[in-house]
Every structure is written in structure tokens, then in C-alpha cells.
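Here are my notes for a first look. Please read them with the structure open.

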Amino acid sequence: MRIENDVKLDFKDVLIRPKRSKLASRSVVDLQRTFTFKNTKREWTGIPIIAANMDTTGTFEMAEVFMKHKMIVALHKHYPAEQLINFFNKHTVEELSYVFYSIGMIEQDKEKLKTVLAKIDHNKLQHICIDVANGYSETFADFVRSIRHDFPDKTIMAGNVVTGEMVEALVLAGADIVKVGIGPGSVCTTRKMTGVGYPQLSAIIECADAAHGMGAQICGDSGLTMPGDFGKAFGAGADFVMSGTMFAGHDEAFGEIIEHDNKKFKPYYGMSSDTAMNKYSGGVAEYRASEGKTVEVPYKGAVDKTIQQILGGLRSTCTYVGAERLKDLSKCTTFICVNNHHNTLHGDAS
Ligand code: 5GP
């Protein structure tokens, strides 16, 4: 047994210190970034914010709005092949550069991917998100290696992990982007059920350092609860930021509107919650407990309005620290610690 005494931080533990700035207005801030992916050498330009590959937020409807903003949706992996084929055939290569195709670590997902690719223009499916709850198993790195081998021209985002050495292992296995976050999700109960986790801001800082040293990128995934958290995540060094919570509850999210007490809500649940497992896997397998929960989030109307708020907030963060481009935000960021008790059950506070 060992104890690490270093301070580890979550979003709520810090604020960003304002700095003298030459920027006249937030409207001059450029939120687009251009990355050349390590393995594919493919260049991508856009606003690096991703709606999570959960069946509530990773929907076609969400993708159709996000692509107009040059923002990304990682489609959830439960769409049938036919629907995916229709979606990819309907949109242009340019539009689909803002779409990730998600798979888990199972052969059926790989087979479905091959079926879809056989029925669409190969160039349309550009990015693959390989998503598992625990990216630490050796079989996961092997799986990433096999996808890299079978699909050499596709950008691969793989995760989730929270420490530098595992970022390196996944990049060596063929990932271009490593997805970072274990435990901070709003509908995630991993910290509660297993005691495992890592404060998300520190995970981003440490993993970004490891990835950037290898010419790769990271995506900070989960734990954002307000527009300002995007500024903190990018300020910490995230190249991409993924959220479910911030995009749940909108018209474009899956689920019927629920009404009670004269208020409107929509369902939001973890992909390993009882709700998702009953829907897709015929119940929770005996050997595992569900590590996700089901909640109702306030109904928020069209996602366009929320996107405007997030992008407005992010532009303003950049203005406060003198970053003309999102690319410069991290080097312009100084965090101030504002909480004394750091390592709480942030994701499960409710
Ligand atoms: P949020 O934006 O709600 O804080 O986090 C969304 C993220 O939570 C997803 O991108 C994914 O990484 C994670 N997640 C989704 N479903 C589950 C689940 O059932 N259990 C756990 N532990 N994490 C989940």
C-alpha cells in the first residue's frame, strides 16, 4: 500500500486568475483549433467540444446541430447498422468530420463497423471512439492496436484512463486522442461503488502533459456542470472536452419530456446504469453492479441556446486572461485553489 500526498484538483477546487489583456472584445476570440492527428496525419479544424457517446446525448439530431457549429458528436454505439448507414450517406465528408463513430471492446461492434463501412463512402467515416469504463486492462490496449491495424486511416480516440503512463500506452497502441476521466461523471457511480477515481482537473493536467510529449491529444471527459468548467478544462490543457450533462435535457437529446410539479424534465442516465443495461443487455449481469444512475434533468429546449452560452462563456474566459485563441488559453491560465478539501466524491455529490 502507498499513499500519494500530492494535491489533486477537481473543477470546483479552482478559479482562473484574471490577467491584463489586450483583447478589446470577446468577439475577436478564435475558438477553433487545428490538429494534425498523430497516426492518420489527418488535419482537423473545428471547436473541440464533443457531446458524449451516451444514448441520450450521442444522437443523430444532436450531430446535425453540432456540425453546423463545427463541434463534434460522438454517436452512441447502439444505433442499428441501417440507421448509421443512412446517416453517413445523408451527410457530406465535411459535415461528418464532426462525427465520431463509437464502439466498445466487443467483436460485434467491430463487425457492425465493417458492415457500415462497406455500405458508405469510406472517407465519410473518419473518426472512431473506442470507449470502455476502464481503459487499464491489457486487453484494451490490444483491442486499440487491432483497430489501428484494421482501420489505419481512421482517427482513434480511446479511453477512459486518468494517468500519464496509461495515456502513453494507448498512444503507443495506436490512439490519436486519449479520453480522460474515471469517476467524475454526473450519472457515474464508480467512485461510490468501487472507491476508484481521480480528480478530473488534475487528470487532465497530467494526461495532457503525457500526450503532448508524444504528439497526441487528450479529450477531458465528464464532470462539467457549468459553462465555466469548459474554460477550466481547456485551461488545464485539454485539447478536446466531452460532456453529457451539459447537452442532456434538450430537444435533440433522446427521451420523452416528463412533467411533474408544473416543471418539465428529460431522462439522463449512465450507459452502465440499470436503465441502459435493461434496454440493451437484457438486465444487469450477475457478476457486476451497475456503475451508473438514472436522473431527470430540467428540460432546456433547443441545444443551440446552450451552445451559444457555452461558447460565449469560453470566449469570455479567453478574454479575461488575454488569450486571443483557444489554443493560447492553457498557457495564459493560472489556477487559484479555492477549496481546502480536494478529493471528494464530486461526481456523486447528489
Ligand atoms: P457528465 O457529462 O454527465 O459528467 O459525464 C458524461 C460521461 O460519463 C460520459 O462521457 C462517460 O465517460 C461517463 N459515463 C457515461 N455513462 C456512465 C456510467 O454508466 N457509469 C460511469 N461510471 N460513467 C459513465
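Which residues does Thr40 touch, not counting residues up to four places away in sequence? The first point answers this, and the others move on from there. Keep in mind that this is a predicted model.

1. **Thr40 and its contacts.** Thr40 sits in the loop between strand S2 (33-36) and strand S3 (43-46). Setting aside residues up to four places away in sequence, Thr40 touches Arg148, Pro152, Asp153, Lys154, Thr155 and Asp176. Thr40 counts as buried because its relative accessibility is 17%, and the cut-off for buried is under 20%.

2. **Helix H6.** This helix covers residues 164-173. Its buried residues are Gly164, Met166, Val167, Leu170, Val171 and Ala173. They pack against helix H5 (138-150), strand S8 (155-161), strand S9 (177-180) and helix H8 (200-212). Just after H6 comes Gly174, with a positive phi of about 125 degrees.

3. **Polar atoms at the ligand.** Look at Ser186 to begin with: an N or O atom in its side chain is 2.8 Å from an oxygen atom of the ligand. At Gly223, a polar backbone atom is 2.9 Å from an oxygen atom of the ligand. Met271 also uses its backbone: an N or O atom there lies 2.8 Å from a nitrogen atom of the ligand. How much of the ligand does the protein bury? Taken alone, the ligand exposes 520 Å², and the protein buries 91% of that.

4. **His212.** This residue lies in helix H8. His212 counts as partly exposed because its relative accessibility is 40%. Leaving aside neighbours within four places in sequence, His212 is in contact with Gly237 and Asp239. With Asp239 there is a polar contact, side chain to side chain, at 2.8 Å. Ile307 is 95 residues from His212 along the chain, and their C-alpha atoms are separated by 28 Å.

5. **Salt bridges across the chain.** The structure holds 15 salt bridges. One of them joins the side chains of Lys279 and Asp55 (2.8 Å, N to O). This pair links distant parts of the chain, 224 residues apart. Lys279 is in helix H10 (residues 274-280), and Asp55 is in the loop between strand S4 (49-51) and helix H1 (60-66).

6. **Lys110 and Asp150.** The side chains of Asp150 and Lys110 also meet in a salt bridge (3.3 Å, N to O). Asp150 counts as partly exposed at 31% relative accessibility. Lys110 counts as buried at 7%.

7. Arg145 and Asp142 both lie in helix H5, three residues apart, about one turn of the helix. An α-helix has 3.6 residues a turn, so residues three or four places apart point the same way. The side chains of Arg145 and Asp142 meet in a salt bridge (2.7 Å, N to O). Arg145 is partly exposed, at 42% relative accessibility, and Asp142 is partly exposed, with a relative accessible area of 42%. Elsewhere, salt bridges that share partners join Asp131, Lys179 and Asp221 into one network.

Methods
Residues numbered from 1 in each chain as written. Predicted model: local features only at pLDDT ≥ 70, side-chain atom pairs only at ≥ 80, totals over all residues. Heavy atoms only, no water. Buried < 20%, exposed > 50% of the residue type's maximum accessible area, 1.4 Å probe, protein only. Helix = DSSP H or I, 4+ residues; strand = E, 2+ residues; numbered from the N terminus. Contact = heavy atoms within 4.5 Å. Polar contact = N/O pair within 3.5 Å; in protein donor to acceptor, adjacent residues only side chain to side chain. Areas by Shrake-Rupley, 256 points an atom, 1.4 Å probe, with all protein chains shown as cover. Salt bridge = Lys/Arg side-chain N within 4 Å of Asp/Glu carboxyl O.
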